[in-house]
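Dear colleague,

Please find the structure below, handed over for your review.

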Amino acid sequence: MDLILWRHAEAQEHSDPLGGQQGDAQDMARRLTPRGEKQAARMAAWLDRQLPNGARIYASPAHRCEQTALALGRKFKLRDELAPEGDPLALLELVQWPHGKSTVVVIGHQPTLGRVIARLLGLAEEDCPMKKGALWWLRQRERNGTLQTLLLTVQTPELL
């Protein structure tokens, strides 16, 4: 199984004067900046060339994630499990890791994506930093009766 974790591209700052929380209505409505739109388009063009037909694509219902997903130009589903401050275990259950049979792309947020990466790669830290617009491509395989998680690539829009 291949799992691609893609953090949404650069978005507008949260401008709630009352100090709103991640996941509140204003946060969910934040849009990509013009730079973020370019980041999403650049990463989407690269990813579209790599993805097999039939890849499943899920995105957080936050507007910035939907915009990032739209740049890919493929069908996708918005999933509440991927909203800001989501549970890494709920994400893994959604994608059926490690037993899923297809490639899955998840477009979401920090710290959830970083926590999934840390968990799957057995990192000492609970969370793994992840740049806006970047993606991590992980693969689950079995070797000699043991499941292994491989890191295939880490891409950032600036390097494409």
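**Findings: sheet, helices and one buried histidine**

Helix 3 (residues 63-72) lies across strand 1, strand 2 (56-59), strand 3 and strand 4, and runs at about 145 degrees to strand 4. Please note that this is a predicted model.

The strands belong to an open sheet of six, with the order 3-2-4-1-5-6 and mixed pairing. Strand 3 (77-78) and strand 6 are its edge strands, each pairing on one side only. Helix 2 (residues 34-50) lies across strand 1, strand 4 (104-108), strand 5 and strand 6, and its direction makes an angle of about 25 degrees with strand 5.

Strands 5 and 6 form a hairpin with two residues between them, and Asn-144 in the turn has a positive phi of about 50 degrees.

I would also draw your attention to His-8, which is placed in the loop between strand 1 and helix 1 (25-28). Because its relative accessibility is 4%, under the 20% cut-off, His-8 counts as buried. The side chains of His-8 and Arg-64 are joined by a polar contact of 3.3 Å. Leaving aside residues up to four places away in sequence, His-8 touches Arg-64, Cys-65, Thr-68, Gly-108, His-109, Lys-132 and Gly-133.

Yours sincerely

Methods:
Residues are numbered from 1 along each chain as its sequence is written. This is a predicted model: local features need pLDDT of at least 70, side-chain atom pairs count only at pLDDT 80 or more; totals for chains, interfaces and linings use all residues. Side-chain values use heavy atoms; hydrogens and water are left out. Two strands pair if DSSP finds at least two bridges between them. Helices (H or I, at least four residues) and strands (E, at least two) are DSSP runs, numbered from the N terminus. Contact means heavy atoms within 4.5 Å. Axes are lines fitted to C-alpha atoms, for helices over the stretch in contact, and angles run from 0 to 180 degrees between N-to-C directions. Buried means under 20% relative accessible area, exposed over 50%, partly exposed in between (1.4 Å probe, protein chains only). A polar contact is a pair of N or O atoms within 3.5 Å; within protein, one must be able to donate a hydrogen and the other to accept it, and residues adjacent in sequence count only if both atoms are side-chain atoms.
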